[in-house]
Amino acid sequence: MTAPQDAASPGQALAWALALGRDRLGDVDDPMRDARLLLAHAAGLERGQLTRLDVADFTPEMITAYLALIDQRAAGRPVSKILGYRDFWKYRFAVSEEVLDPRPDTETLVEVALAQPFGRVLDLGTGSGCILLSLLAEQAQASGLGTDLSEAALNVARQNAGALGVQARAEFVISDWFAAITGPFDLIVSNPPYIALHEMPGLAREVRAHDPRMALTDEGDGLAAYRAIVVKAGQYLRPGGRILLEIGPTQGAEVARFLSDAGFDEVEILPDLDGRDRVVGAIWPL
Ligand SMILES: C[S@@+](CC[C@H](N)C(=O)[O-])C[C@H]1O[C@@H](n2cnc3c(N)ncnc32)[C@H](O)[C@@H]1O
């Protein structure tokens with residue numbers, strides 16, 4: 001393998017750097033993809049721009065910075081937490097150790113929400129703000145409120161609201177679900193912690209180590225947040241308003257029953273792109 005300073009071409013230098021990173025990454029899921037992302041970051045480029053690198057760009061400082069990122073990844077830190085951002089829906093969200101790393105599955109909830117108009121939206125457990133802020137960025141007339149129990153998470157969400165230019169339409173408050181909230185809303189969305197306590201040991205080590213525990217589990221059967229939210233949601237919705245809840249793939253029937261028992265109409269369970277149950281939606285009666 002040609003070392004970068006001896007490389008005959010930028011392609012050779014790039015191949016050297018990527019192979020070095022891949023080999024140090026060991027058994028992560030897709031070492032070549034991660035090596036590409038981390039090399040681009042070390043070089044100050046976007047992913048997909050690596051072919052812009054010239055032989056002279058592979059300085060010892062750049063390679064040292066790259067290998068420091070590779071070592072973090074090899075130790076189990078997720079790429080998003082190393083880079084400090086995650087691309088979600090159409091936007092880039094800052095993330096830190098204080099917020100859940102936004103998941104592609106959650107884009108289903110955003111897509112379903114955007115299928116109907118809304119004016120005022122409440123996002124319970126907003127984390128990075130990825131759901132609320134994607135909705136506000138898409139619906140220029142809408143405004144909304146994001147809540148969380150974590151002030152550190154709300155600060156990340158505020159930063160993201162500014163970066164997306166929707167801060168004038170987005171408010172954030174500390175609240176235990178509805179405790180500090182005044183309605184009414186046209187739409188309530190939530191991706192609450194839904195991993196049951198007994199499922200926690202089965203999660204990937206990097207999820208357990210790098211997503212806040214409070215964002216993952218209710219320390220019980222995984223349904224406590226749905227019970228707490230559904231029983232009060234009707235008081236905070238306008239007649240005809242909607243609720244959309246992200247669920248784990250096995251929770252649809254129970255969450256749908258909670259909604260029916262609480263008096264909601266038109267309860268439906270919707271799949272994600274992989275065909276797994278992902279969102280339960282319902283309407284508060286007129
Ligand atoms: C699964 S994460 C979702 C974060 C973000 N909405 C997303 O989809 O990426 C759940 C969020 O709910 C928050 N949370 C947990 N318990 C809460 C409670 N009792 N009241 C409000 N938020 C809570 C957590 O801090 C976390 O940010």
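Student: Is Arg 73 buried or exposed?

Tutor: The general idea first: a residue is called buried under 20% relative accessible area, exposed over 50%, and partly exposed in between, using a 1.4 Å probe and protein chains only. Arg 73 has a relative accessible area of 5%, so it counts as buried.

Student: What kind of model am I looking at?

Tutor: It's a predicted model, where local features need pLDDT of at least 70 and side-chain atom pairs count only at pLDDT 80 or more, while totals for chains, interfaces and linings use all residues. Residues are numbered from 1 along each chain as its sequence is written, and side-chain values use heavy atoms, with hydrogens and water left out.

Student: Back to Arg 73, then. Which side chain does Arg 73 meet in a salt bridge?

Tutor: Side chains of opposite charge can pair when their charged atoms come close. Here a salt bridge is a side-chain nitrogen of Lys or Arg within 4 Å of a carboxyl oxygen of Asp or Glu. Arg 73 makes one with Asp 34, at 2.8 Å from N to O. This pair links distant parts of the chain: Arg 73 belongs to helix α3 (residues 60-74) and Asp 34 to helix α2 (residues 31-42), 39 residues apart. Asp 34 is buried too, with a relative accessible area of 1%.

Student: How many salt bridges does the structure hold?

Tutor: There are 25 of them. Take Arg 227 and Asp 221, whose closest N and O atoms are 2.6 Å apart. Arg 227 is partly exposed at 39% relative accessible area, and Asp 221 is partly exposed at 38%.

Student: How far apart in helix α11 are Asp 261 and Arg 257?

Tutor: They sit four residues apart in α11 (residues 252-261), which means about one helical turn separates them. Asp 261 counts as exposed at 59%, whereas Arg 257 is partly exposed at 44%. Elsewhere, salt bridges that share partners tie Asp 105, Glu 246, Asp 272, Asp 274, Arg 276 and Arg 278 into one network.

Student: How many helices and strands are there in the protein?

Tutor: Helices (H or I, at least four residues) and strands (E, at least two) are DSSP runs, numbered from the N terminus. This protein has 11 helices and nine strands. Its C-alpha atoms fill a box of roughly 75 × 40 × 35 Å along the principal axes, and 49% of its 286 residues count as buried.

Student: Why is helix α6 described as largely enclosed?

Tutor: Because seven of the nine residues of α6 (residues 130-138) are buried, the rest of the structure largely encloses it. Among those buried residues are Cys 130, Ser 134 and Leu 136.

Student: In which sense do β8 and β9 pair?

Tutor: Two strands pair if DSSP finds at least two bridges between them. Strand β8 (residues 265-271) and strand β9 (residues 277-283) pair in the antiparallel sense, over five bridges. One to look up is Ile 269, whose bridge partner in β9 is Val 280. The two strands form a hairpin with five residues between them, and Gly 275 in the turn has a positive phi of about 85 degrees.

Student: How many residues of strand β7 are buried?

Tutor: Seven of the 10 residues of β7 (residues 237-246) are buried, and the strand is mostly covered. Strand β6 (residues 185-190) runs parallel to β7 and is joined to it by five bridges; Leu 187 has Arg 242 as its partner in β7. With β9, β7 pairs in the antiparallel sense over five bridges, and Ile 243 is partnered by Ala 282 in β9.

Student: What lines the largest cavity?

Tutor: On a 1 Å grid over the protein atoms alone, a cavity is a set of points where a 1.4 Å probe fits but cannot get out, and lining residues have an atom within 4 Å of a point. Grid points are joined across faces, edges and corners, and a volume is the space filled by probe spheres set on the points. There is one cavity of 30 Å³ or more. The largest cavity has a volume of about 30 Å³, and its lining includes Leu 37, His 41, Arg 47 and Tyr 85. Helix α2 gives the most to that lining, with three residues.

Note on methods
1 Å grid on protein atoms, 1.4 Å probe; cavity = no way out; pocket = protein on both sides within 12 Å on 5 of 7 lines; lining within 4 Å.
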